[in-house]
Structure formats: C-alpha cells, structure tokens
Amino acid sequence: MFPKNAWYVAAMAEEVGEQPLGRTVCKEPMVLYRNAAGSVVALEDFCPHRGAPLSLGRVVEGQLVCGYHGLTMGCDGKTVAMPGQRVRGFPAIRAFPAIERYGFIWVWPGAGVPTPLPSLHWAESPEWAYGGGRYHVQCDYRLMVDNLMDLTHETYVHANSIGQKEIDEAPVNTKVNGDEVVTSRFMNGVHAPPFWRMALRGNGLPEDQLVDRWQVCRFTPPSHVMIEVGVALAGHGGYEAPPQHKVSALVVDFITPETDTSHHYFWGMARHFKPEDAALTDSIRQGQGKIFSEDMEMLERQQRNLLAHPERKLLALNIDAGGVQSRRVIDRWLQAEQAATGAVLASAGAAG
C-alpha cells in the first residue's frame with residue numbers, strides 16, 4: 001500500500017533527544033537515537049538477544065543499551081557488548097539510512113539505494129518562518145492525501161476557521177506533471193474567513209476588505225503535499241499581488257505511513273512575511289493545529305466506516321480528481337518498486 005524506497009519524515013528533530021524514540025514507518029518498527037557525535041541513528045527496534053524493543057532502553061555516552069539485559073548496539077546494527085557475554089557471533093539487526101535536515105528526521109525504510117532528499121526552499125531561507133507539529137492519525141495515509149488534495153471539505157469541516165461557501169462555487173483545475181499532481185482553486189472578491197483575517201491583521205493589512213483567495217495543492221510521491229494558500233486585497237493581482245498587499249503561506253504536509261490503517265502526520269505552515277515575529281508564528285501554529293484536529297475526527301471515523309463496509313464502492317467526482325490522480329502516482333511507484341524487487345530476486349535465483 002505504500003512505497004518503501006523513499007524518504008519519509010519519521011520525527012521532528014526535537015523529538016529525538018537524550019532518550020531513544022520508537023516509531024514505526026511503513027510497518028518497520030524503528031528506534032531513533034543520537035550517537036556520541038549527535039547524529040541521528042535509526043535501527044530496527046529489536047534486540048538480537050531476546051527480541052525486546054530497543055526503544056525501551058537508554059542511550060549511554062552515545063551508545064544504545066537494551067533495557068532488558070544491557071546489550072549495547074553499534075550504529076551499524078551490530079552488537080558491541082553485553083555484560084558477561086562474548087558477542088562476536090550475535091546476529092546483526094537492520095540499520096536504516098537516516099538524515100537530519102530542515103528540522104526533521106528522515107528515514108529510508110526500503111531496500112533500494114537512497115536518492116537525494118527533496119529540496120525545501122522555504123526551510124533554507126531566513127526570509128521564511130515555519131511552525132508545525134505532529135498528529136498520530138488512525139487511518140490509511142491515502143485518505144489524508146485525498147483530504148489535502150480536495151479542499152472542498154473546508155466549507156463544512158472548518159466552517160469556523162478557513163471555510164466559506166465560495167470554495168464550493170469556485171471551479172477546480174487538476175493537472176498531472178510527471179509524478180506531480182497539482183489542484184488549484186481561485187476565488188476573487190470574497191470576504192476573508194477568520195483564520196485569514198487574523199493573518200491579515202498580523203501583516204498590518206485591513207481585515208474588513210474583500211480579498212482574492214487561492215489554494216494550489218501539489219502532491220509529490222511518496223506522500224508529500226505542499227499547498228500554496230493566501231489572500232490579497234481585491235484588485236491588486238490576487239496570486240500575483242505584490243507582498244505589501246497580501247498574506248501568503250505554504251501549508252506543509254508530510255504524511256508518513258505507519259500501518260495499513262494509521263500514519264504520522266507532520267503538519268505546519270511556512271510563511272513569507274514577518275519571519276522574525278515569533279508570536280505570530282505561534283499564533284498561526286495554534287490556529288492551524290486546531291484546524292487539522294478537526295480533520296482527524298472525520299478521517300478516523302471515515303476509516304472505521306470503510307473497514308466496516310469493504311464491499312461498498314465509493315464515488316469519484318470532479319472534486320476528487322486531485323486525490324484520484326495522486327493515488328495513481330502512488331500505484332505507479334508501487335508497481336515499479338515491486339518490479340525492481342522481482343528482478344533482483346530473479347537475478348539472485350539464477351546466480352544460485
């Protein structure tokens with residue numbers, strides 16, 4: 001259901017501190033910790049002695065020590081030491097490629113050769129500010145992709161924050177550019193909803209004037225969605241308006257599968273105005289966190305319905321095009337990954 005030969009966000013950087021952190025990514029239980037140099041290590045969360053979870057252990061001088069019988073692991077997955085035992089013959093456990101960048105811990109759960117990390121321009125520039133968090137959501141990660149690629153639901157799920165009837169009325173355009181799916185919606189001459197009135201105030205702009213609003217959702221595999229959002233005072237060019245007439249931001253969504261029916265949702269907003277205003281960053285983060293918590297209940301209840309009625313076929317309407325096309329990209333990645341795995345196994349069988 002999910003490609004494994006890809007980089008996924010496993011944690012926010014601040015989550016991995018003095019104690020090991022257990023986290024499952026694509027059905028792979030992992031333990032994350034920092035070695036003596038402060039670099040992040042990701043190992044299989046399985047002690048080779050008795051199978052205890054290493055995430056219940058502790059880090060001693062940069063080394064991971066099992067909390068059951070004191071076995072010490074190396075960063076490469078090989079046992080380093082154990083009280084009263086010779087460990088040369090102990091089996092190794094799996095070490096996963098892991099990188100700390102952009103304020104996140106990225107892991108590669110697959111067997112393929114890791115590719116370069118995606119470049120995030122907003123995370124590399126001091127002209128941008130970012131604030132976000134993580135939710136543990138009990139639903140198929142693809143349901144979250146569907147949710148983010150069709151923002152029609154905002155009118156109903158988020159009626160008191162970012163929703164408005166004009167979202168329903170504005171036409172939706174969906175395009176596929178290779179592995180990227182782009183869904184866009186533009187609304188001109190509308191009243192700003194509460195969240196955007198707050199953002200206008202935060203940027204020193206009037207909140208009681210009509211605005212032009214936009215939503216441009218971009219899906220890239222394996223499961224990342226970046227959404228360009230914003231409002232500009234009406235009559236100043238909308239999406240193309242000069243900075244002094246608008247507030248705009250990038251909604252950042254890293255969706256990391258855990259199991260077939262659960263995922264880790266790393267959400268946030270990067271903005272390109274007043275990056276030095278920490279209070280504004282916190283205010284936006286709190287507002288966005290509340291908005292995403294509203295999605296959680298809907299998605300988890302949706303998942304329960306789908307599990308209870310697997311025989312029912314769901315409708316695919318024009319507003320669903322972004323999610324449908326994103327799932328097709330995911331399916332292509334899965335097929336390519338399975339084909340590559342099959343070729344490797346066939347080659348190994350022939351050699352044997």
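This is a predicted model: local features need pLDDT of at least 70, side-chain atom pairs count only at pLDDT 80 or more; totals for chains, interfaces and linings use all residues.

Select Asn177 to begin: with a relative accessibility of 45%, Asn177 counts as partly exposed, a class that lies between buried (under 20% relative accessible area) and exposed (over 50%), worked out with a 1.4 Å probe on protein chains only. Asn177 sits in strand E13, which covers residues 173-177; helices (H or I, at least four residues) and strands (E, at least two) are DSSP runs, numbered from the N terminus.

Residues are numbered from 1 along each chain as its sequence is written, and side-chain values use heavy atoms, with hydrogens and water left out.

**Helix H5**

Select residues 194-202, which form helix H5, and look for Phe195, Trp196, Met198, Ala199, Leu200 and Gly202, which are buried. The cover over these buried residues of H5 includes E15, E16, strand E17 (246-259), strand E18 (262-271) and H6. Just after H5, select Gly204, which takes a positive phi of about 75°.

**Two buried residues with polar contacts**

Next select Glu166, which lies in helix H4 (residues 166-169) and is buried, with a relative accessible area of 18%. Its side chain makes a polar contact of 3.1 Å with the side chain of Gln164; a polar contact is a pair of N or O atoms within 3.5 Å, where, within protein, one atom must be able to donate a hydrogen and the other to accept it, and residues adjacent in sequence count only if both atoms are side-chain atoms. Leaving aside residues up to four places away in sequence, Glu166 touches Met187 and Val190, where contact means heavy atoms within 4.5 Å.

Then move to Ser55, in the loop between strand E4 (40-44) and strand E5 (58-60), which counts as buried at 18% relative accessibility. The side chains of Ser55 and Asp45 are joined by a polar contact of 2.7 Å. When residues up to four places away in sequence are not counted, Ser55 touches Pro20, Leu21, Gly22, Val31 and Asp45.

**The cysteines**

How many disulfides does a search of the whole structure find? The search finds zero, a disulfide being a pair of cysteine sulfur atoms within 2.5 Å. Select Cys66, which is in no disulfide, and you will see that the nearest cysteine sulfur, that of Cys47, is 3.8 Å away. Cys66 counts as buried, at 2% relative accessibility. Cys139 is in no disulfide either, and the nearest cysteine sulfur, that of Cys26, is 15 Å away; at 0% relative accessibility, Cys139 also counts as buried.

**The largest pocket**

Select Leu143, Asp146, Gln302, Leu314 and Asp320, which lie nearest the centre of the largest pocket among its 29 lining residues. This pocket holds about 880 Å³ of space. On a 1 Å grid over the protein atoms alone, a pocket is an open set of points with protein on both sides within 12 Å along at least five of seven lines, a cavity is a set of points where a 1.4 Å probe fits but cannot get out, and lining residues have an atom within 4 Å of a point. Grid points are joined across faces, edges and corners, and a volume is the space filled by probe spheres set on the points. The largest share of the lining of the largest pocket, seven residues, comes from H6.

**The largest cavity**

For the last stop, select Glu154, Ile162, Val251, Ile291 and Phe292, which lie nearest the centre of the largest cavity, one lined by 18 residues. The volume of the largest cavity is about 220 Å³, and H2, H5, E16 and H6 each supply at least two residues of its lining. H6 gives the largest share of that lining, with four residues.
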